[in-house]
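Trainee: Could you walk me through this structure, please? I have not looked at it before.
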Amino acid sequence: MSGRIVIAGASLGGLRAAEQLRAAGWAGMITVVGDEPHMPYNRPPLSKEALAGKAGFDSLAFTPKAGVADVEWRLGTAVTATRLEEGVVVLDTGAELTFDGLVIATGMRPRRLACPGPRDGRHTVRTLDDAQALRAELMRAGARLVVIGGGFIGCEVAATAVGLGAAEVTVVDPLPLPMAGPLGELLGDALLRRHTDRGVRFLLGRGVDGFQGDARAEAVVLDDGTVLAADVIVEAVGSVANTEWLDGNGLDLTDGVLTDDRLRVGGLPHVVAVGDVARHPNARYDAVARRVEHWSMPTETAKHAAKALVAQLAGAVPLPGPFAPLPTFWSDQHDFRLQSFGLPVLGRDDVRVLEGTPDGDFVAGYHRDGGLVGVVALGGAPAAVAASRYRAQLLGQPVLASHGAPR
Amino acid sequence: MRVIVDMSKCQDHGQCVFAAPDVFRMDANGRLGYVSDPHDALREEVEEAADVCPLQAIRIEG
């Protein structure tokens, strides 16, 4: 097999795709294009250990496997367009690269609030550069932090800031509980109490109308008229898929890029997508295609997609079976950890305490049609171990046979 | 093959145990133990374990 595979995106998904293409036997050229200047690095510590100064920013780089030593890395370069049928990607330098196979791994970027007020002084947490800039500001004595968004990133940043000794830490969210969107009310309520006990203030059920300040945002204005003075502002209001460069190819780009159950894109044999930009069905659950922003997904999708891509380029049959991972994620906040297995969001309306009680360490089970679809542990390491004992049950569900086009 | 876990990085996530149960294990308190010289036949699962470690604390030599 010769020719070139281009991987668009040089974060974890891009790195794992390169490694797994080699593992699947691709001996041709591999070119990885990424807009950040850095080699792939680990993002979860950016809101936790690295922001807290417990891990150096220079310790976050992944160690690529020996098999990818000959991969060409074009860093600090964005892909701006592609002509998939023709096998061409266009770079921001104006140069064009031809490809025989393409891996879409361009990930997400933080969503930004569009409300009025200065942009300067408002942080997001996605990249190494973002986290370094935020840490510099949080380290100023007496800093008052306002975090907009009570999801995972927002709550992790709030917890880290408390640990760093910030004078005031306030989380604002239009929803009535933190993290309740993916986890439901039982967990949202338990998390709210834990954060409040540890010094985080929550202003819930309130949105943001704008920002005050001259050159720089120095206060957040809420929709009930409250004005929150802030030395540091973090926007953690979700993310947007980096798919604009795929426009004009007839793809479904409504939320990330739609794939089939082998992670192939647009019915094309030579284009696959990996990581959180991929909206894919999971045969373990149903035919609904979802984007999953867990850390485990780039590695899982890359392994599957690389096999499918190399098999197709080699004209080999059969292809690997449908993609059916058991999702997992964690979140470290203050002195506790959330550990999830399965897809709790599917069972958000039927949550039962399986072990412990919600005022201490506990394990919650999420059910759909009476069956267990996810478990979440909240607390210390023994709770996480207890949750992991349900993995066999979660893995025991039959994987559906191949579907047609995902809904 | 030699397996080295940087225990100063390890935070007991246990993902390695799911990927390579013949090599890694957790005690009831959630602390990691592992075989440092597993048989070469286990290479694929050890590599998987190294990939899925959230702290990237697992190194494979030889």
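Mentor: We shall take a residue, a sheet and a chain contact in turn. Please bear in mind that this is a predicted model.

Trainee: Where is Ala18(A) found?

Mentor: Ala18(A) belongs to helix α1 of chain A, which covers residues 12–23.

Trainee: Is Ala18(A) buried or exposed?

Mentor: Ala18(A) is buried, because 29 other C-beta atoms lie within 10 Å, and the cut-off for being buried is 20 or more.

Trainee: Which residues is Ala18(A) in contact with, leaving aside neighbours within four places in sequence?

Mentor: The contacts of Ala18(A) are then Ile7(A), Ile30(A), Val32(A), Val68(A) and Val71(A). As for Ile7(A), its C-alpha is 7.5 Å from that of Ala18(A), while the two residues are 11 apart in sequence.

Trainee: Let us change topic. In what order do the 3 strands of the open sheet in chain A come?

Mentor: The order is β4-β5-β6, with antiparallel pairing. At the edges are β4 (79–83) and β6 (96–98) of chain A, each pairing on one side only. From one strand to the next, the twist averages 25°.

Trainee: How many bridges join β4(A) to β5 of chain A?

Mentor: There are 4 bridges between β4(A) and β5, the latter spanning residues 88–91 of chain A. In this region, Arg83(A) stands opposite Val88(A) of β5(A).

Trainee: And how many residues does each chain bring to the contact between chain A and chain B?

Mentor: Chain A brings 13 residues and chain B brings 12. On the chain B side, 5 are nonpolar, 5 polar and 2 charged.

Key. Residues numbered from 1 in each chain as written. Chains lettered and ligands numbered in written order. Predicted model: local features only at pLDDT ≥ 70, side-chain atom pairs only at ≥ 80, totals over all residues. Helix = DSSP H or I, 4+ residues; strand = E, 2+ residues; numbered from the N terminus. Buried ≥ 20, exposed ≤ 12 C-beta atoms within 10 Å, placed from the backbone. Contact = placed C-beta atoms within 7 Å. Pairing = 2+ DSSP bridges. Axes fitted to C-alpha atoms, helices over the stretch in contact; angles between N-to-C directions. Nonpolar A, V, L, I, M, F, W, Y, C, P; charged D, E, K, R; others polar.
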